[in-house]
Amino acid sequence: METVYLDNNSTTPMHPDVIELMAKHMVSTYGNPSSVHKLGQEAKVLMEESREKVANLLGAKSSEIYFTSGGTEADNIAVKGAALRGLKQNKNHVITSQIEHHAVLESVHYLEKNGFEATLIGCNHDGVVSIDELKNALRPETAIASVMMANNETGVIQPIKEMASVCHAAGVPFHTDAVQAVGKIPVNVEDLGVDMLSLSGHKIYGPKGIGVIYIKKGTKITPLSHGGSHERRKRAGTENVISIIGLAKAMEIAIGKLEKEQARMRELSEYFITAVQSAIPEVYLNGSRETRIPSTVNLSFKGVEGEAIILSLDIKGIEVSSGSACTSGSLEASHVLKAMNTDVLLAQGSIRFSMGKDTTKEQLEYTVSVLPEIITRLRKMSAAYQNPA
Amino acid sequence: MNRANQDKHVLVAMSGGVDSSVALYLLHEQGYTVSGATMKLWDYKDVGGEDHARADGGCCDLNAINNARAVCDKLGVRHYVLDFSGIFRQTVIENFVSEYRRGRTPNPCVLCNTKIKWEKFLERARGIGCDYIATGHYAITGIDEATGRSFLDRGKDWTKDQAYALWGVTQDALAHTLLPLGPLTKEETRAIAAGAGLKTACVPESMEICFVADNNYERFIREYVNMEIPKGDIVTEEGKVVGEHKGIPFYTVGQRKGLGIAHPTPLYVKKIDVEANRVIVGEKQSVHASEFTVSDLNWVSKTPTVETFSGNVQIRYNHRACPAMVIPQQDNRLLVRFSDPQPAITPGQSAVVFDGDRILVGGIID
């Protein structure tokens with residue numbers, strides 16, 4: 001049975017060129033970049049070349065690029081680091097949105113438990129975070145505002161440029177979690193005007209366990225890990241040189257193909273949405289159809305639990321995720337769909353199809369061909385669908 | 001390898017122990033298309049007791065899930081974790097606590113089998129297109145050609161005696177159930193697991209109530225209820241106060257140990273009077289009885305009847321079924337009359353009527 005992988009927002013297969021490059025350096029580049037000797041120097045040079053490459057691809061300076069263990073650590077450094085730093089100026093308030101990834105939400109929650117106040121701003125039914133709410137939430141004591149660039153569940157793109165400028169007008173630094181955006185839509189830190197930006201390697205055909213926090217020159221944060229003077233004293237710990245090399249290569253490939261891939265993804269996803277909706281009644285797209293990372297399609301199948309669909313698709317070789325953190329019995333819907341005020345019966349039956357570089361029209365046609373039987377079977381068993389309240 | 005089985009997809013309920021692992025292995029060997037699934041029923045953060053729990057955790061902890069997944073991976077089949085913790089709490093745990101508070105002694109395994117495994121799990125299996133569910137219970141099921149009903153028999157290994165806890169499974173559910181361990185003994189199961197190199201071959205037996213991780217059900221009920229549980233008198237049948245009880249939920253009919261009474265002869269809990277908040281005790285002979293009624297019936301191998309019949313009746317997990325007359329009542333109950341008086345017929349426990357190895361009907365003791 002062929003596997004159809006439609007879970008690229010969770011992680012992606014590594015690009016063969018990235019594997020080849022990393023494999024080569026795993027053999028030869030084992031030096032510690034902090035070492036004085038030649039082997040260390042070689043590692044250092046390769047790492048700094050990678051930093052330079054990442055900086056160029058983002059429109060940043062290489063001194064503004066800090067390597068981390070991934071998107072989660074980057075988000076933690078940005079949100080908690082800026083908040084702790086703000087404390088020195090008696091700032092004890094942070095702002096984020098209700099639709100963030102848990103890396104940001106839980107960081108904010110941690111700050112709340114430790115004396116900070118937090119405002120979680122909402123979004124509209126299309127999944128776009130409200131600039132007005134952001135404006136109203138800003139206070140003189142706000143240490144950091146953080147809103148993601150593209151949502152991981154719906155793919156909806158947020159008005160980051162406007163938000164950054166609103167925050168700056170109030171003297172508040174702005175961070176964006178761009179883990180789902182980099183390599184999929186154009187991302188330029190200067191153009192966006194953000195102070196900090198997170199990204200991750202494994203979402204764009206690079207290795208797992210590597211990420212970046214961009215910190216604009218002059219932005220003050222308190223480091224969270226302490227040790228050696230790595231990463232300009234902002235992130236202690238011997239650098240993951242091989243993965244850094246892999247990340248830079250992966251970014252280079254993804255951003256190089258971005259325009260062409262974006263058009264292809266747009267075409268595939270438009271086909272997919274239309275085909276599923278014409279094959280099955282009462283299927284709804286969650287989030288804006290236009291302002292969306294084109295490779296992400298979040299569909300709600302009315303009256304059916306997402307988990308049952310995921311398992312049924314898996315048995316047919318199709319790998320997807322639920323847009324919801326749904327648990328059987330308790331019909332807990334995803335926090336993102338909740339914030340979008342999605343009908344409960346729809347939210348519990350949401351599935352995220354996220355396409356990638358290896359996704360083909362044939363794979364989507366196969367998916368469209370197996371879905372009706374699954375949904376019909378599950379709807380027959382669904383009391384909620386048979387007898388709507 | 002049976003080719004006919006290939007079209008049949010079985011979802012095997014895997015606890016992470018040896019029995020369900022071998023169940024999966026055997027069905028896989030028999031040519032079925034199998035997938036494994038581990039039910040997440042509770043979490044330490046909700047049920048407490050983690051500090052006192054066994055190091056290996058038992059079912060539902062991450063270790064168990066990882067073990068089940070490792071077995072599936074070895075056989076190259078899929079494995080899922082199904083979160084039933086919400087419905088488990090609403091049905092099994094809620095009932096466990098409320099029964100004790102009503103002075104009764106529940107059997108949560110029976111309710112879990114009936115309401116979770118053979119209802120919710122089966123429903124999920126059907127939802128993903130499976131034809132059968134399977135478990136590692138030592139019991140035998142099949143179709144009785146004479147009656148057209150699904151029967152349920154004790155497994156070959158009487159020491160395991162797991163048919164008893166399955167009396168509540170409906171006919172429809174039984175017809176979609178495979179129990180591959182029925183013809184095996186526990187030793188044979190372990191040998192198969194070891195021979196197949198299954199990681200779970202040596203996982204120790206879990207005997208306690210799974211969600212009471214530290215086996216301290218008083219601690220569990222106190223934490224769950226989270227309010228003062230009133231103490232009261234322990235009295236004899238004549239009404240003489242002989243001690244103080246620490247709360248109605250912490251006693252069970254037939255109990256002798258832990259009463260904290262100084263008395264020349266051993267005393268047993270005879271009855272729990274919730275209204276008067278009293279625990280009534282008596283001499284050993286006085287806790288024996290011959291007659292009781294049973295509610296919430298499920299007719300298993302026997303076609304429902306209003307006529308009196310005889311059978312061997314088992315009244316708790318470790319009780320040896322004894323001869324009795326079973327007299328159906330008008331209100332959907334059974335009156336059971338033992339040939340010889342039995343000790344500690346405990347309200348809330350399951351009474352199961354057997355004909356030899358075969359379960360005829362089961363219910364809850366009033």
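Reader: In which strand is A:Ile215 found?
Author: A:Ile215 belongs to strand 8 of chain A, residues 211-215. Strands (E, at least two residues) and helices (H or I, at least four) are DSSP runs, numbered from the N terminus. Please note that this is a predicted model, in which local features need pLDDT of at least 70 and side-chain atom pairs count only at pLDDT 80 or more, while totals for chains, interfaces and linings use all residues. Residues are numbered from 1 along each chain as its sequence is written, and chains are lettered from A and ligands numbered from 1 in the order in which they are written.

Reader: Is A:Ile215 buried or exposed?
Author: A:Ile215 is buried, because 27 other C-beta atoms lie within 10 Å. A residue counts as buried with 20 or more other C-beta atoms within 10 Å of its own, as exposed with 12 or fewer, and as partly exposed in between; C-beta atoms are placed from the backbone.

Reader: And which residues does A:Ile215 touch?
Author: Not counting residues up to four places away in sequence, A:Ile215 touches A:Glu64, A:Tyr66, A:Met196, A:Ile221 and A:Lys234. Contact means that the C-beta atoms of two residues, placed from the backbone, lie within 7 Å.

Reader: How much of helix 10 of chain A is buried?
Author: Nine of the 10 residues in helix 10 of chain A (residues 306-315) are buried. Among them are A:Gly306, A:Glu307, A:Ile309 and A:Leu313. After this helix comes A:Gly317, with a positive phi near 85°.

Reader: How many residues of chain A are in contact with chain B?
Author: In chain A, 12 residues are in contact with 15 residues of chain B. Helix 10 and helix 13 (361-381) are the elements of chain A that give two or more residues to this side. Helix 10 of chain A supplies the largest share, five residues.

Reader: Changing topic, how many residues has the largest nonpolar core?
Author: The largest nonpolar core has 127 residues. Such a core is a set of buried Ala, Val, Leu, Ile, Met, Phe, Trp, Tyr and Cys residues joined through C-beta atoms within 7 Å. A:Ile309 and B:Ile133 are among the residues with the most contacts inside this core. Helix 5 of chain B (residues 108-127) gives the most to it, eight residues. Another core, of 84 residues, lies apart from it and includes A:Cys167 and A:Met251.

Reader: What is the strand order in the open sheet of chain B?
Author: The open sheet of four strands in chain B has the order 9-8-11-10, with mixed pairing. Strand 9 (241-245) and strand 10 (268-273) of chain B are at the edges, each with a single partner strand, so one side of each has no neighbour in the sheet. Strands pair if DSSP finds at least two bridges between them. Strand 10 and strand 11 (residues 278-282) of chain B run antiparallel and are joined by five bridges. Within this pair, B:Tyr268 stands opposite B:Gly282.

Reader: Which residues stand opposite B:Val313?
Author: B:Val313 stands opposite B:Cys322 in strand 14 of chain B, and opposite B:Val353 in strand 16 of chain B.

Reader: Finally, what is the mean pLDDT of chain A?
Author: The mean pLDDT of chain A is 94, and 97% of its residues reach 70 or more. This value is the predictor's confidence in each residue, from 0 to 100. Over residues 325-330 of chain A, however, pLDDT stays under 50.
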